Amino acid sequence: MGSLPENRHDALVVGTGFGGLYSIYLLKQLGLDVAAIESAPDVGGTWYWNRYPGARSDIHSHVYRYSWDKELLKKFPWPNNYLHQPELLAYFQEVARKHELYPLIQFNTKLQGAEWNEVENVWKVSTSTGQAYTVRYLITAVGILHNKNVPQFPGLETFKGQAIHSSSWSSSIEWEGKRIAVIGSGASGVQIVSSLSEKAKSLTHFIRHAQYVIPSRFRSVSPEERERINESYDKIWEDVFLSNTAFGFVEPGRPTLSLSPEDREVVFERLWKEGNGFHFLFGGFSDIATNEAANQEAIKFIHRKIRETVKDPKKAEVLTSSDWFARRPLTDDHYYERFNQENVSVVDLKKTSITKITPDGIQTSDGATHDVDVIVFATGFDAIDGSYNKLGIRGRGGINLGKHWEADGPKTHIGATTSQFPNLFFVNGPGSVFANNPPVTEVSAEFARDLVAKTEEVRKNGGVGVAESLAEADEKWREQTQQVADATLFSKTPSWFFGENIPGKKVAPRLYFGGIGSFRAAVAAEKANGYQGFQFH
């Protein structure tokens with residue numbers, strides 16, 4: 001398992017983003033001997049790696065943080081209504097310092113394999129440094145967007161310029177005054193196009209799925225507004241955890257078509273002026289994500305805004321999506337305006353696909369060659385279960401976790417565990433809820449903590465100290481997740497939510513779309529019923 005001495009602990013946490021840091025904290029509070037490993041040189045998870053120009057949260061600053069540290073809530077600075085990557089990294093660092101988590105973390109260390117030892121009832125863990133760990137509990141908080149997806153275009157190795165995935169951005173990349181290609185139009189792609197096009201010699205955006213991009217309305221927060229938020233935090237977090245989406249507002253119960261066309265226009269215009277994609281999708285009406293007619297009304301409004309903003313009709317046509325407004329909502333203040341610049345162009349990959357990368361640029365199926373100096377792959381990730389499939393985690397009988405999930409997509413019990421893998425606990429893993437990530441990770445980490453505490457109680461009362469979900473419980477939650485997804489338009493819109501961005505991947509919901517309030521209710525019911533979906537021994 002490596003040349004270094006073996007480390008024995010009660011628990012090992014993998015990852016130090018929102019879920020990992022809180023898990024370390026919670027397990028410390030249980031009195032366990034806990035260690036953690038992190039592939040990066042510092043804490044922060046995705047907010048350590050994603051350093052491209054313009055990288056920021058698209059959820060408002062006052063709720064894109066932990067609820068459990070009231071002192072940091074009230075004192076840690078966030079000068080604007082959205083957080084840029086350096087501000088987020090500083091926040092993670094302060095959490096780790098304040099709660100003395102740094103000494104427990106081994107950085108620059110990747111999980112290379114973990115095998116359940118059925119004789120000793122422990123996990124044997126190997127890492128990239130050669131350091132081995134033997135632990136009773138393995139808690140994985142590796143993030144839902146971790147395993148980057150880089151398309152292997154023919155000829156990529158011949159490209160003479162710089163080619164980089166958005167999550168591997170480096171300050172050494174020379175892009176100002178250069179000819180840039182951005183491939184991909186998710187959250188990162190939109191932010192990168194908006195940021196780089198200002199100083200690029202030229203920028204070409206290659207789009208397969210045009211998006212619906214809502215203004216963010218980025219602005220500074222006055223001391224008076226900050227004070228009002230500080231005074232209201234108890235109510236704010238109550239609303240977060242009782243809501244569906246946990247974005248800091250209470251979702252209305254008003255159906256879209258319950259208003260006249262004129263009144264719908266008033267609501268949509270107000271949402272557009274207030275900004276934020278999540279607020280536009282969920283904050284004005286109750287059924288945009290579930291009702292086709294309602295969704296179509298939102299689409300017509302956004303399409304009109306695109307045509308009003310983008311002066312070139314040909315560019316506007318490529319930027320106008322024909323899909324449902326039911327992917328992860330995107331937010332940026334300048335994206336559509338950038339296409340009015342002479343140096344910014346757009347290519348519709350559905351009409352002219354990329355055939356190969358040449359030494360000088362990108363060749364498309366219409367025979368055109370786009371000469372560029374920099375290629376940015378904003379092509380996303382093999383998301384959610386993709387973060388786990390290549391980690392080499394083996395459960396009972398040596399079964400591989402990726403193989404265990406291969407046929408039907410990932411199966412977990414309320415997003416926390418999977419059968420055949422004892423004492424393996426996921427934090428914000430497959431089957432967890434679609435909502436604002438920090439509160440989701442809190443719910444998920446606390447559920448994992450409760451399962452560990454229950455297992456410790458069994459062990460101290462003479463048991464072996466092993467917890468495992470039942471296969472039928474996994475299947476029941478998978479079915480429930482599918483049923484809930486089928487009732488939304490997310491299921492009718494190709495996206496990474498269902499694994500559809502990765503060729504050959506099983507198409508199935510990776511997230512629970514029933515809302516964080518409903519998810520918390522499922523966790524509470526499981527605990528109240530004596531953990532019926534688990535076996536402890």
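**Exercise 1. Find out which residues of helix H5 are buried, and what they pack against.**

Step 1. Start with the list: Ser 188, Gly 189, Val 190, Gln 191, Ile 192, Val 193, Ser 194 and Leu 196 are the buried ones in H5. Buried here means under 20% relative accessible area, with a 1.4 Å probe and protein chains only. Helices are DSSP runs of H or I with at least four residues, strands are E runs of at least two, and both are numbered from the N terminus.

Step 2. Look at the neighbours. The buried residues of H5 pack (contact means heavy atoms within 4.5 Å) against helix H12 (335-338) and several strands, among them S8 (179-183), S9 (202-207) and S16 (374-377).

A quick word on what you're looking at: this is a predicted model, where local features need pLDDT of at least 70 and side-chain atom pairs count only at pLDDT 80 or more, while totals for chains, interfaces and linings use all residues. Residues are numbered from 1 along each chain as its sequence is written, and side-chain values use heavy atoms, leaving out hydrogens and water.

**Exercise 2. Work out the strand order of the open sheet and say which strands stand at the edges.**

Step 1. Five strands line up as S7-S16-S8-S9-S12, with parallel pairing. Two strands pair if DSSP finds at least two bridges between them.

Step 2. Now the edges: S7 (162-165) and S12 (344-348) each have a single partner strand, so one side of each has no neighbour in the sheet.

Step 3. Going from one strand to the next, the twist averages 15°.

Step 4. Zoom in on one pair: S9 and S12 run parallel over five bridges. As for residues, Ile 207 stands opposite Asp 348 in S12.

**Exercise 3. Describe the second largest cavity: its volume, its lining and the classes of its residues.**

Step 1. On a 1 Å grid over the protein atoms alone, a cavity is a set of points where a 1.4 Å probe fits but cannot get out, and lining residues have an atom within 4 Å of a point.

Step 2. Sort the lining by class and you get six nonpolar, one polar and two charged residues.

Key. Buried means under 20% relative accessible area, exposed over 50%, partly exposed in between (1.4 Å probe, protein chains only). On a 1 Å grid over the protein atoms alone, a cavity is a set of points where a 1.4 Å probe fits but cannot get out, and a pocket is an open set with protein on both sides within 12 Å along at least five of seven lines; lining residues have an atom within 4 Å of a point. Grid points are joined across faces, edges and corners, and a volume is the space filled by probe spheres set on the points. Ala, Val, Leu, Ile, Met, Phe, Trp, Tyr, Cys and Pro count as nonpolar, Asp, Glu, Lys and Arg as charged, and the others, Gly among them, as polar. Axes are lines fitted to C-alpha atoms, for helices over the stretch in contact, and angles run from 0 to 180 degrees between N-to-C directions.
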